[in-house]
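This report describes one protein chain for a reader who has not seen it before.

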Amino acid sequence: RASLMDEVTEGKPRGAFYNYGGEWRTWSDVCDGKCAAIPNDELKPKWNPGPPYMLHVNDWLKMLPLWIKKTPEVRRVKNDKGIRRGSQSAGMTSYSIAIAYLDMPHIVEPKYMITMIWHDGEGWQWVDKTNKNPDAILDVATLHYCQSYDTPDYTWGKMHIRREIDFMDCEKPVEFPAPKVDYWQNATEYKEVRAAWMITHIVPNIVESLEHYKDIDVK
């Protein structure tokens, strides 16, 4: 998306809005006082970005070594009962720790990502404005399909890929079950509209990606 990258300049990195909290600020074994000093009112707009991460190449070169170093450290973080608590979203929390160390606050934009159909803090307003026009140009960069999406006769989630497709069988075509009805056009309740929109746009792109993988990489 050239239009998004045009917004990136050195010293002003950008990322999508993700609501993964600020517990990482208290992990003193992997995060020094710079993390603990981040106030709550700055957490979401500056220090909790998620993919797509968009940085000038010079900022990437500053940040990447520390991000790589901190990720395995975050994965080993344990709570007071000895249970690991840092493994989920370790990539994102270690990213936040790295940019806190480097004093590299981000411009966090909701329009860069959508995933949770009930969360208006993401870029859903751009989906809602399409008025179900399939040719509408959408100003959202990433469809993050970590949720399950339901229509009255159909549910799709990322685990379906693992269960229903043999990646390594080059002779088998990629076949996904599809909704019986185009519920994106017929739905009325806003969460149903958003779920159907995600299914309508995610499934064809995944099929295309897997077909490319089979044609190019497996064969």
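## The largest pocket

On a 1 Å grid over the protein atoms alone, a pocket is an open set of points where a 1.4 Å probe fits, with protein on both sides within 12 Å along at least five of seven lines, whereas a cavity is a set of points from which the probe cannot get out. Grid points are joined across faces, edges and corners, and a volume is the space filled by probe spheres set on the points. By these rules the largest pocket holds about 300 Å³ of space.

Its lining, meaning residues with an atom within 4 Å of a point, is made up of 16 residues. Those nearest the centre of the pocket are Tyr18, Ser89, Met92, His144 and Cys146. Seven lining residues are nonpolar, seven are polar and two are charged. Here Ala, Val, Leu, Ile, Met, Phe, Trp, Tyr, Cys and Pro count as nonpolar, Asp, Glu, Lys and Arg as charged, and the others, Gly among them, as polar.

## Basis of the model

The model is predicted: local features need pLDDT of at least 70, side-chain atom pairs count only at pLDDT 80 or more, and totals for chains, interfaces and linings use all residues. Residues are numbered from 1 along each chain as its sequence is written, and side-chain values use heavy atoms, with hydrogens and water left out.

## The chain as a whole

Nine helices and seven strands are found in the chain. Helices (H or I, at least four residues) and strands (E, at least two) are DSSP runs, numbered from the N terminus. Of the 219 residues, 42% count as buried; buried means under 20% relative accessible area, exposed over 50%, and partly exposed in between (1.4 Å probe, protein chains only).

The accessible surface of the chain is about 12200 Å², and 52% of this belongs to carbon and sulfur atoms. Areas come from the Shrake-Rupley method with a 1.4 Å probe, and for residues only the protein chains shown count as cover. Contact means heavy atoms within 4.5 Å. Of the contacts between residues at least 6 apart in sequence, 73% join residues at least 24 apart.

## Two nonpolar cores

A nonpolar core is a set of buried Ala, Val, Leu, Ile, Met, Phe, Trp, Tyr and Cys residues joined through side-chain atoms within 4.5 Å. The largest has 30 residues, and Trp24, Trp27, Val30, Trp47, Met63, Tyr95 and Ile97 touch the most other members. Helix H3 (40-47), strand S2 (49-54), helix H4 (57-75) and helix H5 (90-101) each give two or more residues to this core. H5 gives the most, with seven residues. Apart from this core lies another, of 22 residues, including Val193, Ala195, Ala196 and Trp197.

## Around helix H3

Within four places in sequence neighbours are left aside, and Trp47 then contacts Tyr20, Trp24, Ile38, Glu42, Ser96, Ile99, Ala100, Asp103, Met104 and Pro105. Asp103 is in the loop between H5 and strand S3 (107-109). Its phi is positive, about 50°, although Asp103 is not a glycine. At 57% relative accessibility, Asp103 counts as exposed.

Pro45, in helix H3, is partly exposed at 40% relative accessibility. Outside four places in sequence, Pro45 is in contact with His106, Ile107 and Val108. Asn48 sits in the loop between H3 and S2 and is buried, with a relative accessible area of 0%.

Pro52 lies in strand S2, and the peptide bond from Pro51 to Pro52 is cis, with omega near 5°. Most residues other than glycine have a negative phi, and most peptide bonds are trans. Thr142, in strand S5 (residues 142-143), touches Pro52, Tyr112, Met113 and Ile114, not counting residues up to four places away in sequence.

His119 is in the loop between strand S4 (113-114) and helix H6 (124-128), and Glu122 also lies in the loop between S4 and H6. His119 is buried, with a relative accessible area of 19%, and Glu122 is buried at 3%. Not counting residues up to four places away in sequence, His119 touches Phe17, Asn19, Trp124 and Arg194, while Glu122 touches Phe17, Pro110, Met113, Ile114, Thr115 and Met116.
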